[in-house]
Amino acid sequence: MSKRPNIVVIITDQQRSDCIGYANPVLETPYLDELAGRGVRFTRCYTSSPSCLPSRAAMMTGMDQWNHGRLGSGAGQDALDFPATLAGELMKAGYHTASIGKSDQFPRRALYGFYEAVQDSTGRGLWTDYMAWLRAETAGKIGDLDHGLEWNSLMGRPSHLPEHLHATHWTVSEAVKFIERRDPTCPFFLWLSFTRPHAPYDPPPVYFDMYKDNPDIPMPSMGDWAAAYDEPIASTTAWRGRAPDTQVHRTRAAYYGSITFIDHQVGRFLYECSWRDRDALRNTLFIFTSDHGDMLGDHCLWRKGYSNDGSSRIPFFIKYPDTWDEERGGSCDEIIELRDLMPTVLDAARVEIPESVDGKSLLSLARGEETEWRDFLQGEQTRIHGWDQGMQFIATKREKYTWFHHTGKERYFNLVDDPQECRDLAGNAAAQGRIDELRALLARVNEERGDPRGQNGRLVVQPNGALLQSPNYAKWKARADARMSL
């Protein structure tokens, strides 16, 4: 039997599905494109709760958002003792596990099954390993946000830091150090997590210059429903509003430059690994994805937390080890979700998948085998921006239904005819039959899991606020508290 593969999961922060080279002719990502071409691209990957905390909980546990307990960001930052984690299962199976970069678990230094971790969450007021390193390298004279852009700023500009001091470069440097010090007697699992292209949109100048004058960078899509958000920008961290075209272009240029910078650093990681241990690299499975997308001004919306594809749909591909005899270069359009990452990795590592995992291994889909798969994805974001933005959604390969649980408002898009979600058909008489079906489907999902938003086959508006966590959150917190008191 062949050796178990090494596994590298590469995660970016806030990268939308149409912002990778193979899906966007304007954006250059040659190294990621090459990796994707040596495996399988999944063109309909979603996060069921499009913000950092719940998305990363899904990746780490393989559970859907109701079962891991986090129904959005902004609340629920306690230590949780999940029944199983991706790194923990691999550690028990003999893998040397390491997390490099952003983890976004709580408490911040919790390992969740990793043997070791070095962390960065640039700009969030947290004292991270990257910030300590930057202070040492610059004798305390330069900070990571000295350029004046805040963590959620919608502005873009070149970084004030030399390329080798940028967080993206540091993340790969730390990953290379792990490859050098890893235990050579066992396979390794590396969680390689970048803090970009999440704002601040601040690539090194050479990467900003690649796009700053490019007229082909697409400007934001504007739907017939966007008037509700079409207002002057209230602040540099606003989640809604129309910015001047010149500013939007500059922001998108910086966002694109941040992605290309990540791509080139992935190339550096591959090069550094190839001459340190070429055999290990040949036997490495790569998975690339992001935690959620970024609206980038589409429909006068910014950042994440929305059901729209700009926020909830993300890139995802698997690159097979060179030692595997698999057909390469294909794609799959089935709906997958971040909960599927854990069982896919465990399947590839020949590790038993725990009963707590809700996701499914993607390897059979990747091989083109007949596989029973989900017809739809149910998602939600209880709260992240304005009170009235709390929502749940149903996504299929053809459509998107969104229900705002505080107000009862609805949106419905035909994704085949309208992939940019510009024409809201919620009031279209011809669409009412299908909307009724999706409304009933969402109500049934809620009712079956014990969510008060579904009762007697109907959706129930929550004018005083929906659940910020599911009941399972309290269960995992109680387990963590009990363990700490031993």
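Biologist: Are Trp225 and Tyr229 buried or exposed?

Modeller: This is a predicted model, where local features need pLDDT of at least 70, side-chain atom pairs count only at pLDDT 80 or more, and totals for chains, interfaces and linings use all residues. Residues are numbered from 1 along each chain as its sequence is written, and side-chain values use heavy atoms, leaving out hydrogens and water. Buried means under 20% relative accessible area, exposed over 50%, and partly exposed in between (1.4 Å probe, protein chains only). Both Trp225 and Tyr229 are buried.

Biologist: What kind of aromatic pair do Trp225 and Tyr229 form?

Modeller: Rings of Phe, Tyr and Trp (its six-membered ring) pair if their centres lie within 6.5 Å; planes under 30 degrees apart count as stacked, over 60 as edge-to-face and the rest as tilted. Ring pairs join Trp225, Tyr229, Trp239 and Phe413 in a cluster. The structure holds 16 aromatic pairs. For Trp225 and Tyr229 the centres are 6.2 Å apart and the planes are at 85°, so the pair is edge-to-face.

Biologist: Which strands stand at the edges of the open sheet of 4 strands?

Modeller: Strands (E, at least two residues) and helices (H or I, at least four) are DSSP runs, numbered from the N terminus, and two strands pair if DSSP finds at least two bridges between them. The order is β10-β11-β12-β13, with antiparallel pairing. Each edge strand has a single partner strand, so one side of it is left without a neighbour in the sheet; these strands are β10 (377-381) and β13 (410-414).

Biologist: In β12, what is the bridge partner of Ile394?

Modeller: Strand β11 (residues 391-395) and strand β12 (residues 399-404) run antiparallel. They are joined by 5 bridges. In β12, the partner of Ile394 is Tyr401.

Biologist: How many residues of helix α2 are buried?

Modeller: Helix α2 covers residues 52-61. Its buried residues include Cys52, Arg56 and Thr61.

Biologist: At what angle do the axes of α1 and α8 cross?

Modeller: Axes are lines fitted to C-alpha atoms, for helices over the stretch in contact, and angles run from 0 to 180 degrees between N-to-C directions. Contact means heavy atoms within 4.5 Å. The axes of α1 (residues 30-37) and α8 (residues 245-276) come within 7 Å, and they cross at roughly 65°.

Biologist: Which residues is Pro463 in contact with, leaving aside its neighbours within four places in sequence?

Modeller: Pro463 is in the loop between β15 (458-459) and α14 (471-484). With 49% relative accessibility, Pro463 counts as partly exposed. Thr407 is 56 residues away from Pro463 in sequence, yet 6.5 Å away in space, C-alpha to C-alpha. With those neighbours left aside, the contacts of Pro463 are Trp387 and His406.

Biologist: Does Tyr112 count as buried or exposed?

Modeller: Tyr112 is in the loop between β3 (96-101) and β4 (116-119). Its phi is near 50°, a positive value in a residue other than glycine. Its relative accessibility is 14%, so Tyr112 counts as buried.

Biologist: What is omega of the cis peptide bond that joins Ala199 and Pro200?

Modeller: Pro200 lies in the loop between β5 and α7 (205-209). A cis peptide bond also joins Arg196 and Pro197, with omega about 15°. For the bond of Ala199 and Pro200, omega is about 10°.
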